[in-house]
Amino acid sequence: MSDQPQAPVQPAASQPALPQKIRRPRPQWLQTLARVFREPKALIGFIILALFILIAIFAPLLATHDPMQEGALPPLQPPSKQFLFGTTGYGDDVFTQWVYATRTSLSIGFQVAVIATALSVILGVYSGFKGGKVDAVVNWVTQVMLVLPGYPLIIMISSYIPNAGSEAIVWVLGLTSWPGAARMKRAQAMTYRTRDFVLAAKLGGFSDFRNMLAEVFPNMMSLVFNTFISMISWGIFGEAFLRFLGIGSTHTPSWGNMLNQAQNGNALMQGAWWWFIPPGLSITLVILSLTLINYGIDEVSNPRLQKPLKLPKALRRKLQAAAGEEGM
Amino acid sequence: MSTEQPFVRARDLVIRFRVKTDHGSRWITPVDGVSFDVSAGEVLALVGESGSGKSTLGRTLVRLNEPTSGSLQIGGRDVTHTRRSRDLKELRRQVQMVFQDPFGSLNPVRSIGQHLRPLVRKHQGFTGQALEDKVAELLEIVGLQPGVEAAVKYPHEMSGGQRQRVAIARALAVNPTFIVADEPISMLDVSIRADILKLLNRLKDAFHLGYLYITHDLASARYFGDRLMVLYGGQVMETGDADAVVGAPKHPYTQLLLSATAGHGFTRKGDVLNIDAPNLFEGRKGCPFAHRCPLVMDVCRDVRPPLTAVDKGHQVACHAVTGASVHTPVVETSPS
């Protein structure tokens, strides 16, 4: 009797003897990021996105033909060893076009996301945190921007820019897509304005600007990241949408331009599926991957979405039976 | 202590807020004509129930609220209507605040060291290794040993009591003369409340700090407070030395509060008429406690009772006690 409890006690007693060193925990955002990567949905999203990013980065190495050499190849060749994705009706190599289009579309997506996210964070956090007149003015502008119908506005602005290149498209999309996100950030910043830790920082004699940057903004990282991801997909989609309508320069290779050409070249009628499938599928896949990443972030940052602990089947049965007996 | 100028000197402070009602907006006065002095090294305990204006008053001392009228002098300077941010910063170098909720008063994404380091650097001018040492020293002063280890922790790794100690360390980092402690122990576990109060007491002696200790717990107010001020509906009901007020409460509201304090053994006679919240709207008349008071008289509903001295340093605002009226009280009270 007296021997039994002693055996398990001994290893426990030796534990405090271990040298205790001061550990510096990983910052919380790193821990969160690690958890996002462990989320299967987000992981799939990251893998798909990484694939496209790699294609975009190594475009010149992957391209099998000269992208500037237009109309020099036999038109409407189905996929073969020489033309991996076949050729277009205008005599271009689809694979080369697609590889360079990936580069254009992704970079436009990222640039739009940077502009829109930065604008939404600056305007949203500033107006929400400051309140008063600043907030009234910024909020009024935001509401006007929200009320204006998005697509017609973008089409209208774009059509005023003759032969709009990528940069023009980036600015048009970036400058029109911030209001919704800014409103969200304003609402969040407003809830932080009266939190005790912000008041305490204010009492510490720090400026509002420092408090926004150091106290409020780090707390909104998941929201900012979320906005950034959504804005990438919006940028890619918006670019494809504008190009498909034939707005802007048709000479830059992009997924939207490829679709536009396929449409104009009657690809569907001629059964040239290899012409429009690569850009169409790419848009779908990239937006899908970004959506999956967003879901992953959401699941990590929102504790209410976390799945309950999976219990062993026997235990679950037992609990169910017990609940049944209680008449629940 | 009586010879020196009080550090905080408030006279007839009135704070108004606009509230929206069904019939348009009206003004409420959560703090209505409150006067008090607190010297450095002295603790004034502010007692009252929810909505009595004690937190509003506390936040006014650090000028998170601006008084509507009256005057507020802190450290010999009039800060009643100070608006310039440089002057406010100067004020907040002297007066700091400890918040009620230790879970909301620390930024979840910043480590404890990140909370304290900018403050110490800004207000005490330490840099480099001296800064790290000072932060660790501060944490050890508030009882977080070893300070070096506490500094690398994040708020979610600490208990409520430890967080409140960090909040106190943060207030100390500025080297203040006065601390507004807004219910610093009410959200803590009962077993560690006394420790935090002892810590505040020790800091008072070590740094010659003055406190405005806001609480709704008369027992802790008596333990920690040198003087006590009972607030109801934004008005001072009774004020005096803590022992005198708790030992021989004169005002029916203080008696009611005391009888609700567990373990005190004080019971009062007379029924409580109702438990409605006091009317805070501007233009109210009479004593805010009249609708609940067992000693209520006609005069109570019309005339605001003045704060009258009943003893040395013990003032009460009650018609029934100070006998401002010819009417006799309805019920006799006898504190046991």
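Does Asn175(B), with its 14 C-beta neighbours inside 10 Å, count as buried, exposed or partly exposed, and why? Asn175(B) counts as partly exposed, because 14 C-beta neighbours lie inside 10 Å. The cut-offs are these: a residue is buried if 20 or more other C-beta atoms lie within 10 Å of its own, exposed if 12 or fewer, and partly exposed in between, with C-beta atoms placed from the backbone.

This is a predicted model, in which local features need pLDDT of at least 70, side-chain atom pairs count only at pLDDT 80 or more, and totals for chains, interfaces and linings use all residues. Residues are numbered from 1 along each chain as its sequence is written, while chains are lettered from A and ligands numbered from 1 in the order in which they are written.

Start with chain A. It has 15 helices and zero strands. Helices (H or I, at least four residues) and strands (E, at least two) are DSSP runs, numbered from the N terminus. Of the 328 residues in chain A, 38% are buried. Take the contacts in chain A between residues at least 6 apart in sequence: 72% of them join residues at least 24 apart. Two residues are in contact if their C-beta atoms, placed from the backbone, lie within 7 Å.

Look next at helix α3 of chain A, residues 40-57. Its 18 residues should span 26 Å at 1.5 Å a residue, and its end C-alpha atoms are 25 Å apart, which agrees. The expected span is 1.5 Å times one less than the number of residues. Ala42(A), Gly45(A) and Leu49(A) are buried in α3(A). Seen down the axis, the buried residues of α3(A) fall within an arc of 60°, so they line one face of the helix. The arc is that of the directions from the helix axis to the C-beta atoms. An α-helix has 3.6 residues a turn, so residues three or four places apart point the same way. The face of α3(A) turned away from the buried side carries the exposed residues Pro40(A), Ile47(A), Ala50(A) and Leu54(A).

Now move to a helix pair. The axes of α7(A), residues 150-160, and α8(A), residues 166-176, come within 10 Å and cross at roughly 145°. Axes are lines fitted to C-alpha atoms, for helices over the stretch in contact, and angles run from 0 to 180 degrees between N-to-C directions. From α7(A), the contact uses Gly150(A), Leu153(A), Ile154(A), Ile157(A) and Ser158(A). From α8(A) come Ile169(A), Val172(A), Leu173(A) and Thr176(A). By class, this contact has six nonpolar, three polar and no charged residues. Ala, Val, Leu, Ile, Met, Phe, Trp, Tyr, Cys and Pro count as nonpolar, Asp, Glu, Lys and Arg as charged, and the others, Gly among them, as polar.

Chain A also meets chain B. The contact takes 15 residues from chain A and 23 residues from chain B. On the chain B side, α2 (85-94), β6 (95-98), α3 (112-124) and α5 (147-151) each supply at least two residues. The largest share of that side, three residues, comes from α2(B). The residues of the chain B side divide into twelve nonpolar, four polar and seven charged.

Within chain B, follow α7(B), residues 190-207. This helix has 18 residues and reaches 26 Å from its first C-alpha to its last, close to the 26 Å expected at 1.5 Å a residue. Its buried residues are Arg193(B), Ile196(B) and Leu200(B). They cover an arc of only 70° around the axis, which puts them on the same side of α7(B). What covers them includes α6 (160-172), β7 (178-182), β8 (210-215) and α8 (218-224) of chain B. The face turned away carries the exposed residues Ser191(B), Asp205(B) and Ala206(B).

Finally, the backbone. Most residues other than glycine have a negative phi, and most peptide bonds are trans. Asn175(B), in the loop between α6 and β7 of chain B, has a positive phi of about 60°. Glu183(B), in the loop between β7 and α7 of chain B, has a positive phi near 45°. Glu183(B) counts as buried, because it has 21 C-beta neighbours inside 10 Å. His208(B), which follows α7(B), has a positive phi near 50°. The peptide bond from Gln145(B) to Pro146(B) is cis, with omega near -15°. Pro146(B) is found in the loop between α4 (128-141) and α5 of chain B.
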